[in-house]
Structures are given as structure tokens and as C-alpha cells.
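Here is a short briefing to read alongside the model.

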Amino acid sequence: MTLFSSRDCVVCHRVRLVLAAKGVTYDLVPVDPANPPEDLLELNPYHSVPTLVDRDLVLYAASVVTEYLDERYPHPPLMPVDPLARARLRLAMLRLEHEWVPHVQAVQHGNKQQAEAGRKRLKELLAASLPLFKASKFFLNPEMSLADCALAPIIWRLPTLGVPLPKDGKPIDDYGQRIFRHPGFARSLTPEEKALRELPA
């Protein structure tokens, strides 16, 4: 199994966290998105990362890749059995993709105006989500799930993005510490991501 992944990419980190949580061994191919390798150009018509190659199967888009991995490697499960709970988590992941990730990318890669707008919106999203962080040990679920694998890379980057937690944001910090202490989280980090902040003891 091979994963084409950028070194500091919130979406690629999502896939690496699932692989690490599952204990899957794979070959990592670091990709500069501005200069993708020939192999990736041939495999993926969008030339995007993350791209996963499993024998003759080529998958791209983090949501597709992570659900495949959860089904391909069922232990530990990262989605609940209950259809209603699964649907809620899928909707949460969709909102993270459409409402959170673009603002992270705007801060990382946009101009000054785009970065400031991205920080402002991320602060608003964190404040609005506080009840969800208070409601459960993990995000919308009592156990770690694919939704946590999508959210944790964003929480990990908040300090370097210049996005402080809300005044009453201790539940968000507590949530982050729980995820960051998971054995798979440290394994999911590239050297560039490890340098963003310190892992909890």
C-alpha cells in the first residue's frame, strides 16, 4: 500500500491518522503539490493528494480513502454500528470538509486578507461548536471515529494558524489532548507537522 501525501496538509494528515490508528503499514511518498511526481500524474486525473494505491486500486479524496480504510481494516472500527450515528458523523465530516478545511487552507496559502478572514471564521466555528466538544468524549461519539481523524489535524494546527481557543474553550483543549495522546497520532505526523507544536506527555 502506498500513500501520496503532502508533508503539511490537513487533508493528507486525516488519511495518515486513520492508517496510524489502524496500525497499517504503508509506503509514504512525499509530494510537493506544486510539482507532483509523474507517478501521481498517471494515477490520479486530478493530480491531488492524498492518493492511496492498494494493489490495483487507486483512490483519491480523503473521505473516499478513509471510509475504504475503515472497511478494509475493520479493527479497531472508526465508525459506529448504528446507521443514525454513522449518518451524523458523515454529515459532520462533510461540514468539516466544506466549512473548516477551506479556511485552514486560506490561512496557510492565501494572501493577508484571505488569511485574516480564515482566522476569523475558524474562531467563529470553534465557538459555535463548543457544545459538541462538551457533549461527548470524542466528536459526536463516545469512541474515536473517522470524524476525529478529520478534526484533530485542524485542532493540532490552531496555534500555528494564529487561531486562539475561545475564552471558555477548555473542552476543545481537553478534546485535543485526548486525541494527541492516542498512540496513532504521533505516528501520523510528518517531521514538518511534529515541529508545529509539542505532543502532550
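In this predicted model, 65% of the contacts with a separation of 6 or more are between residues 24 or more positions apart. The chain has a radius of gyration of 16 Å, which agrees with the value near 17 Å that a compact globule of 201 residues would have.

**Overall build**
- The chain holds 9 helices and 4 strands.
- Read from the N terminus, the order of elements is β-α-β-α-β-β-α-α-α-α-α-α-α.
- The C-alpha trace spans about 50 × 45 × 35 Å along its principal axes.

**Surface and charge**
- Of the 201 residues, 47% are buried.
- Carbon and sulfur atoms contribute 55% of an accessible surface of about 10,400 Å².
- There are 25 positive and 24 negative side chains, with the centres of the two sets 8 Å apart.

**Strand 3 and its partners**
- Strand 3 (residues 51–54) is antiparallel to strand 1 (residues 2–5), and 3 bridges join them; here F4 stands opposite T51.
- Strand 3 also pairs with strand 4 (residues 57–60), again in the antiparallel sense, over 4 bridges, and D54 faces L57 across this pairing.
- Strands 3 and 4 form a hairpin with 2 residues between them, and R55 in the turn has a positive phi of about 60 degrees.

**Side chains of strand 3**
- In a regular strand, side chains alternate between the two faces of the sheet.
- In strand 3, T51 and V53 point one way while L52 and D54 point the other, and all are buried.

Note on methods
Residues are numbered from 1 along each chain as its sequence is written. This is a predicted model: local features need pLDDT of at least 70, side-chain atom pairs count only at pLDDT 80 or more; totals for chains, interfaces and linings use all residues. Side-chain values use heavy atoms; hydrogens and water are left out. The radius of gyration is taken over C-alpha atoms; the globule rule is 2.2 Å times the number of residues to the power 0.38. Buried means under 20% relative accessible area, exposed over 50%, partly exposed in between (1.4 Å probe, protein chains only). Contact means heavy atoms within 4.5 Å. Accessible areas come from the Shrake-Rupley method with a 1.4 Å probe; for residues, only the protein chains shown count as cover. Lys and Arg count as positive and Asp and Glu as negative; His and the chain ends are not counted. The place of a charge is taken as NZ of Lys, CZ of Arg, CG of Asp or CD of Glu. Two strands pair if DSSP finds at least two bridges between them.
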